[in-house]
Amino acid sequence: IETVGKVGIEVRAFDKLDDMYNTNGFPHFEIYEGDSVLFAIDVDRVNFTLSRFLLSHTYRNSFTRLYKMPNNLFHFYRPDTAFSGGIETKAGEEREIKVLLRDVYGNRTILKLHFKGTTDSQQIKGFNLTAGGKAISFQNNIMVVNGTPPGSGTLAGVYVHGYRIEIPMAYEGSNRRTYLWDLNLGIPDSIDLCNEMIHPEVIAKVPFQEQYWLTDGKISLNFEDDSLLDDLFVKLSYEDRPEGMAVRVNDPTEYLRNAVEVSLDVRGYQGDKSRTHMYLEYENGYKRFLGGEWINENIRFKTRNFGTFVLEEDSIPPRIRPIRINANEIRFSISDNRSGIESFEAFVDGEWLLMRYEYKTTEIWSERKGKEPLKGRFLLRVKDKANNLAIYKRNI
C-alpha cells in the first residue's frame with residue numbers, strides 16, 4: 001500500500017465453521033509493528049443497548065474498522081481514543097505492519113502490509129481521474145471538492161460566515177484538481193473554483209448526544225440526544241416529480257442510532273391523503289413504507305435510515321390467494337406490494353377464527369379448537385397500511 005499521511009485499515013474476515021461462513025468469527029484483532037502492539041480490539045462482550053454502534057465499528061456494515069471512530073461508545077479498543085489504530089507514514093518512510101486475527105477457538109491468521117509514504121505528485125496524477133463524477137463528496141467532516149483545471153489560478157474561494165477564504169489545492173490529477181475543507185471550520189455557502197461556482201448541500205451540523213431541531217422551511221428534522229452515532233452534517237436536496245416532491249437527506253450509508261422525526265411541507269398536494277404515506281426509496285427503485293401522519297399541509301414521520309423520501313399513494317387492495325379450503329384447514333397467501341399488510345381477520349358462520357401468519361412465506365392458516373370441522377359461511381378481511389381492504393367469501 002502506498003499512501004500519504006494517516007490511513008486506517010479495514011478488513012473483511014470470514015471464519016469457516018462447519019462449512020458455514022460466520023462473519024462474527026473473529027472477535028480479536030491486533031496490529032503490530034515489529035514486536036510492539038500498536039492497536040488491539042477484543043470483542044469479549046457487547047452492551048446491546050449500544051448495539052447500533054456496530055455500524056460505526058464497521059465500514060458500511062461489511063468491513064471491520066481496525067481503528068476507532070470518534071464518539072463510538074464501545075470500550076473494547078486499546079488505546080481507547082479516537083482514530084487509534086491509524087497508520088501514519090512520512091514521505092520516504094516505509095513501515096512493515098502485521099495484522100493478527102484470532103477467532104473464538106484460538107485459530108490465528110496474520111495479514112502482512114507494507115506502507116510507503118510518498119509526496120510524488122506524478123503518482124497522484126495517475127489516480128485523480130473522473131468521468132462525470134461528483135463535484136462534491138464527503139468523508140465524515142471533510143468535504144472533498146473536485147474541479148476541472150482552470151485557465152489561470154489554482155486557489156479556491158470558500159465563502160463562509162460572511163468571509164471569503166482562499167485555500168490551495170490538496171492535490172492535482174490529470175483531469176481535475178481537488179480541494180479539502182473541514183466542515184468543523186464552518187459550513188460554506190458557496191465555493192468559487194475560478195471557472196465555476198459550487199453550492200454545497202450541507203445546511204447544519206448536529207452535535208453528538210444533543211437534542212437538536214432544524215428546518216430549511218420545507219423540511220424539519222428533530223434529533224433526540226440518542227439519535228446519532230457521531231456528529232452529523234445534514235445534507236439536503238430536492239427533486240420535483242410528477243407524483244410529488246422527493247427529498248434526499250444525507251446518504252443511506254450514514255447511519256442513525258435511533259429514529260429521527262421528520263416533518264415535510266407538501267403544500268398543494270392533490271392526492272388522497274388518507275392513502276398517501278411516506279416511503280424510503282432505494283437505488284433499485286424499491287420503496288419501503290414508512291407511514292406518516294398528516295397535519296394540515298405537512299406529513300410527519302419517523303425514520304432510522306437516511307436516503308431519498310417520496311410520497312406514494314396506495315389505492316390497490318391487498319392480494320388474497322386461496323391455497324387450501326376444506327373442513328380441516330383453511331390456508332391463504334396474502335400480500336401487498338406497496339404499503340404492506342396491516343391486519344387480517346377470519347370468521348366462520350360469524351364466529352372469529354384464529355389464523356396463524358408466517359411473514360416469510362406470506363401464508364396464513366387456520367387453527368381450530370377441538371375437532372369440530374370448519375363448516376358454514378367463511379369470511380376473510382385483509383387490510384393494508386394505506387387502509388385498502390380486500391375481502392374473500394365462500395361457503396365451506
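Strand 34 (residues 330-335) and strand 38 pair in the antiparallel sense over three bridges. Two strands count as paired if DSSP finds at least two bridges between them, and strands themselves are DSSP runs (E, at least two residues), numbered from the N terminus. The model is predicted: local features need pLDDT of at least 70, side-chain atom pairs count only at pLDDT 80 or more, and totals for chains, interfaces and linings use all residues. Residues are numbered from 1 along each chain as its sequence is written, and side-chain values use heavy atoms, with hydrogens and water left out.

Strand 38 spans residues 363-366. The covered face of strand 38 holds Ile364 and Ser366, while Glu363 and Trp365 lie on the uncovered face. Four residues separate the strands in the hairpin of strand 37 and strand 38, where Thr362 takes a positive phi near 60 degrees.

**The sheet 14-15-19-18**

Four strands form an open antiparallel sheet in the order 14-15-19-18. Its edges are strand 14 and strand 18 (171-172), each of which pairs on one side only. Strands of a sheet pair through backbone hydrogen bonds, in either a parallel or an antiparallel sense. Between strand 14 and strand 15 there are four bridges, in the antiparallel sense. Ile142 in strand 15 is the bridge partner of Gln139.

**Loop residues with positive phi**

Asn140 sits in the loop between strand 14 (136-139) and strand 15 (142-147). Asn296 sits in the loop between strand 30 (293-295) and strand 31 (298-305). Neither is a glycine: Asn140 has a positive phi, and so does Asn296. The table gives the values.

| Residue | Phi | Relative accessibility |
|---|---|---|
| Asn140 | about 60 degrees | 51% |
| Asn296 | about 55 degrees | 66% |

On the accessibility scale, buried means under 20% relative accessible area, exposed over 50%, and partly exposed in between (1.4 Å probe, protein chains only). Asn140 counts as exposed because its relative accessibility is 51%. Asn296, at 66%, therefore also counts as exposed.

**A cis peptide bond**

Arg78 and Pro79 are joined by a cis peptide bond, with omega about -5 degrees. Pro79 belongs to the loop between strand 10 (77-78) and strand 11 (87-89).
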